[in-house]
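Here is a short briefing on one protein chain. Keep the structure open as you read.

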Amino acid sequence: MTQPRLLGRTAPGAPTLGAFTAGQLVRLCDVAGLDASDAELYARILIEALGPVADRPLDLPPPSDSFLSDDHTPVEFSLAFQPDAPPTLRVLVEPGAGAGGLAESGRTGLRFLRAMARRWDFATDRLDELEDLFFPPSPQGAFALWCALELRPGGVPKVKVYLNPAASGQEHSAETVREALRRLGHRQAFTALPRADHHLFFALDLGDWEEPRVKVYLAHQDLSAAEAGGLSRTGGGPGQAEIQAFFRAAAGYDADLGTGDGQDVRLGRRPVQSCHAFTETASGLPSGFTLYVPVRDYVRHDGDALERAVAVLRRQGVDTAPLAAALAAVTSRRPQDGTGLIAYLALADQRGKPPRVTAYISSEAYRVRPPAVLLPAGAVGGPVHRERVESALTRE
């Protein structure tokens with residue numbers, strides 16, 4: 001597959017952020033079975049989303065301390081896998097990266113989304129109804145707005161927007177989520193959520209979705225497999241045993257795979273995340289559930305992460321070759337030479353659809369995290385990175 005013609009931009013010296021990430025996207029489109037014309041179009045859209053920072057050479061520091069990835073690249077890729085089907089490719093981008101503060105970042109993100117709504121003729125009324133909640137005059141928190149594109153044949157993606165519940169302060173995040181759900185008609189939904197350490201993201205499906213979802217993401221510190229198995233509130237989909245098996249396999253404590261003794265360990269550094277998706281308002285119960293294990297913080301290197309991902313995919317009856325091809329599409333480095341290329345592994349269920357496994361893949365445009373070293377004997381938590389032996393990882 002040829003590289004995209006990047007809106008006439010050139011990079012006479014170091015590669016630019018736009019050219020680098022768009023090239024990765026084009027190669028990933030090939031892995032996902034999208035044709036060259038769709039790949040080039042989606043690469044152009046990614047560059048539009050990045051805005052002026054797309055032209056920024058990679059020999060300069062990241063344009064902002066983006067919360068989206070560990071090396072502050074404002075782009076992340078993911079592949080969702082189901083049996084007997086090609087993987088679904090998604091790209092997550094922070095349109096306001098480098099815009100000059102959270103307030104301007106949020107305004108930039110909203111302008112991009114509304115431009116996409118005009119291009120693809122979808123409504124933003126649900127987002128508009130929440131603007132005062134998530135875009136206060138002096139926003140707080142780690143980000144303002146992210147946009148995810150689920151890439152489909154034909155050049156029209158599905159669009160998701162991620163908002164920050166802590167925009168008015170972490171202490172108000174639960175209240176913000178409750179009010180957002182209420183405004184969107186999900187008056188009973190907040191009480192259906194499980195206990196958590198804090199609310200991470202509030203997300204909306206925009207555009208062409210069969211059943212547009214409202215999604216709430218939660219952080220769970222020091223979570224065990226047994227506790228993970230009890231987080232779902234859907235009343236269907238993967239049972240507790242399946243969720244626990246996924247948790248142990250992704251965390252590296254699965255005796256059946258020879259990666260531990262199966263003990264019910266707790267993941268004590270970067271929190272596990274859960275997502276609860278709401279599509280109907282009558283019952284107040286979610287119709288979808290996803291569990292995210294931050295595999296990069298519980299491995300020695302990406303070779304371990306890849307082994308765990310392969311094991312999880314095989315359990316679901318999924319061909320593992322596209323995952324290896326996706327990693328090769330993003331980087332030429334060996335998995336053993338770094339950690340963080342596979343950022344998260346997720347097990348997802350949406351009512352009426354088969355379960356899926358998603359691997360989240362880092363761009364690593366700016367930095368590769370080194371392999372981990374082991375904590376001293378008796379320490380809790382498994383491998384830890386050299387630069388973080390002295391302090392726990394606090395960024396979710």
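In helix α2, the buried residues are Asp 38, Ala 39, Glu 40, Tyr 42, Ala 43, Ile 45, Leu 46, Ile 47, Ala 49 and Leu 50. Buried means under 20% relative accessible area, exposed means over 50%, and partly exposed lies in between (1.4 Å probe, protein chains only). Helices (H or I, at least four residues) and strands (E, at least two) are DSSP runs, numbered from the N terminus.

This is a predicted model, in which local features need pLDDT of at least 70, side-chain atom pairs count only at pLDDT 80 or more, and totals for chains, interfaces and linings use all residues. Residues are numbered from 1 along each chain as its sequence is written, and side-chain values use heavy atoms, with hydrogens and water left out.

**The whole protein**

- The protein has 11 helices and 14 strands.
- Of its 396 residues, 56% count as buried.
- Contact means heavy atoms within 4.5 Å. Among contacts with a separation of 6 or more, 69% join residues 24 or more positions apart.

**Confidence**

- pLDDT is the predictor's confidence in each residue, from 0 to 100. The protein averages 89, and 88% of the residues score at least 70.
- Over residues 374-382, pLDDT stays under 50. The model gives this stretch 9 contacts beyond four places in sequence.
- Residues 384-396 also have pLDDT under 50. Here the model has 37 contacts beyond four places in sequence.
- Where pLDDT is low, the predicted coordinates should not be read in detail.

- Helix α1 covers residues 17-31, which makes 15 residues. From first C-alpha to last it reaches 21 Å, close to the 21 Å expected at 1.5 Å a residue. The expected span is 1.5 Å times one less than the number of residues.
- The buried residues of α1 include Leu 17, Leu 25, Val 26 and Cys 29.
- What do the buried residues of α1 pack against? Their partners are α2 (36-50), β1 (75-81), β2, β3 and α11 (321-330).
- Just after α1 comes Gly 33, with a positive phi of about 80°.
- Helix α2 has 15 residues too. Its C-alpha span is 21 Å, close to the 21 Å expected at 1.5 Å a residue.
- The buried residues of α2 pack against α1, β1, β2, α3 (102-120) and β3.
- Gly 51 follows α2, and its phi is positive, near 65°.

**Two positive phi values outside glycine**

- Asp 84 is not a glycine, yet its phi is positive, about 60°. Asp 84 sits in the loop between β1 and β2.
- Is Asp 84 buried or exposed? Asp 84 counts as exposed because its relative accessibility is 84%.
- Glu 364 is not a glycine either, and has a positive phi of about 55°. Glu 364 lies in the loop between β12 (356-362) and β13 (372-374).
- Glu 364 counts as buried because its relative accessibility is 10%.

**The largest pocket**

- Rolling a probe the size of a water molecule over the atoms shows where empty space is left.
- On a 1 Å grid over the protein atoms alone, a cavity is a set of points where a 1.4 Å probe fits but cannot get out. A pocket is an open set with protein on both sides within 12 Å along at least five of seven lines. Lining residues have an atom within 4 Å of a point.
- Grid points are joined across faces, edges and corners, and a volume is the space filled by probe spheres set on the points.
- The largest pocket holds about 560 Å³ of space.
- Its lining has 26 residues, of which Thr 88, Arg 90, Glu 150, Lys 158 and Lys 353 lie nearest the centre.
- Strands β2 (88-93) and β3 (145-151) each supply at least two lining residues. The largest share, 3 residues, comes from β2.
- This lining divides into 10 nonpolar, 6 polar and 10 charged residues. Ala, Val, Leu, Ile, Met, Phe, Trp, Tyr, Cys and Pro count as nonpolar, Asp, Glu, Lys and Arg as charged, and the others, Gly among them, as polar.

**Cavities**

- The count comes to 4 cavities of 30 Å³ or more.
- The largest cavity has a volume of about 510 Å³. Of its 37 lining residues, Glu 76, Leu 92, Tyr 162, Tyr 292 and Tyr 360 lie nearest the centre.
- Strand β11 (residues 342-350) gives the most to this lining, with 5 residues.
- The second largest cavity has about 80 Å³ of space. Its lining includes Ser 69, Arg 296 and Glu 364.
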